[in-house]
Amino acid sequence: MSAAAGRWLLVGAGVVVAGAVIAAIVAIGTPAQQRLLRQDERRERDLISLKVDIEIWAERNEALPPNLSALARPGSRPAMRDPFTSRPYEYEVLGARRYRLCAMFDSDTAERDVGGQWRHPRGRQCFDLKLPDPAKVEP
């Protein structure tokens, strides 16, 4: 193989590698975008955890908690603040069995094809939730 052919082969391989890197960045996003997605996934997990804690508290106390601080128990540390901004998650009682949880998000779930209850746009998003119906006890 001549030196000129070797150089062209090297240039061609470089173009292929560069194209693969660019395609990967387009497909999965930049490292900064991936970091924001991971942070939002953590926020979603925190809200899910708060939802479970609220439901347990409501079942034990037959009412919604008046605030998120009421969820604290010995040996338990509910995630009441965004771990990345230290802003408190928002909680509001809407009715006897309805409540709202809010958080600030850095990404739009439509960009990562997330379905279900926790879909959100970029920015502040609130989720209106309802306690599960109480179990009907048969006599």
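Author: We start with the list of elements: the protein chain has two helices and three strands. Keep in mind that this is a predicted model.

Reader: In what order do the elements run from the N terminus on?

Author: The order is α-α-β-β-β.

Reader: How do the three strands form a sheet, and in what order?

Author: To read a sheet, look at the order of its strands and the sense of their pairing. Here the sheet is open, its order is S1-S2-S3, and the pairing is antiparallel. Strand S1 (90–93) and S3 stand at the edges with a single partner strand each, so one side of each has no neighbour in the sheet. From one strand to the next, the twist averages 20 degrees.

Reader: How many bridges pair S1 with S2, and how many pair S2 with S3?

Author: S1 and S2 pair over four bridges, in the antiparallel sense. S2 and S3 are also antiparallel, over eight bridges. Between S1 and S2 the chain makes a hairpin through four residues.

Reader: Which residue of S2 is the bridge partner of Glu90, and which is that of Val93?

Author: Follow the partners along the two strands. Glu90 has Cys102 as its bridge partner in S2, Tyr91 stands opposite Leu101, and Val93 is partnered by Tyr99.

Reader: Which strands does H2 touch?

Author: Helix H2 packs on the sheet and touches S1, S2 and S3. The direction of H2 makes about 165 degrees with that of S2.

Reader: What does the nonpolar core consist of, and which residues have the most contacts inside it?

Author: The largest nonpolar core has 17 residues, and those with the most contacts inside it are Leu47, Ile54, Leu68, Tyr99 and Leu101. Helix H2 (31–61), S2 and S3 supply at least two residues each to this core.

Reader: Take Leu47 as an example. Is Leu47 buried or exposed?

Author: The test is relative accessibility, and under 20% means buried. Leu47 has 0%, so Leu47 counts as buried. This residue lies in helix H2.

Reader: Which residues does Leu47 touch, leaving out those up to four places away in sequence?

Author: Leu47 touches Tyr89, Leu101, Cys102, Ala103, Phe105, Trp118 and Phe127. For one of these, Ala103, the C-alpha atom is separated from that of Leu47 by 8.3 Å, while the two residues are 56 apart along the chain.

Reader: How is a pair of aromatic rings described?

Author: Two values are used: the distance of the centres and the angle of the planes. This structure holds three aromatic pairs. In one of them, the ring centres of Phe105 and Phe127 are 6.2 Å apart and the planes are at 85 degrees, so the pair is edge-to-face. An angle over 60 degrees is what that label requires.

Reader: Where in the chain do Phe105 and Phe127 lie, and are they buried or exposed?

Author: Phe105 is in strand S2 (residues 98–105) and Phe127 is in strand S3 (residues 123–130); being 22 residues apart, they link distant parts of the chain. Both Phe105 and Phe127 are buried. Ring pairs also bring in Trp118, which forms a cluster with Phe105 and Phe127.

Reader: What is the phi of Glu62, and what is that of Ser86?

Author: Phi of Glu62 is near 55 degrees, a positive value in a residue other than glycine. Ser86 is not a glycine either, and its phi is positive at about 65 degrees. Glu62 lies in the loop between H2 and S1, and Ser86 has its place in the loop between H2 and S1 as well. Glu62 counts as exposed because its relative accessibility is 76%; Ser86, at 47%, counts as partly exposed.

Reader: Which values describe the whole chain?

Author: Of the 139 residues in the protein chain, 27% are buried. The accessible surface comes to about 9,500 Å², and 57% of this surface belongs to carbon and sulfur atoms. Among contacts between residues at least 6 apart in sequence, 54% join residues at least 24 apart.

Notes: Residues numbered from 1 in each chain as written. Predicted model: local features only at pLDDT ≥ 70, side-chain atom pairs only at ≥ 80, totals over all residues. Heavy atoms only, no water. Phe/Tyr/Trp six-rings, centres within 6.5 Å; stacked < 30°, edge-to-face > 60°. Buried < 20%, exposed > 50% of the residue type's maximum accessible area, 1.4 Å probe, protein only. Core = buried A, V, L, I, M, F, W, Y, C linked by side-chain atoms within 4.5 Å. Pairing = 2+ DSSP bridges. Axes fitted to C-alpha atoms, helices over the stretch in contact; angles between N-to-C directions. Contact = heavy atoms within 4.5 Å. Areas by Shrake-Rupley, 256 points an atom, 1.4 Å probe, with all protein chains shown as cover.
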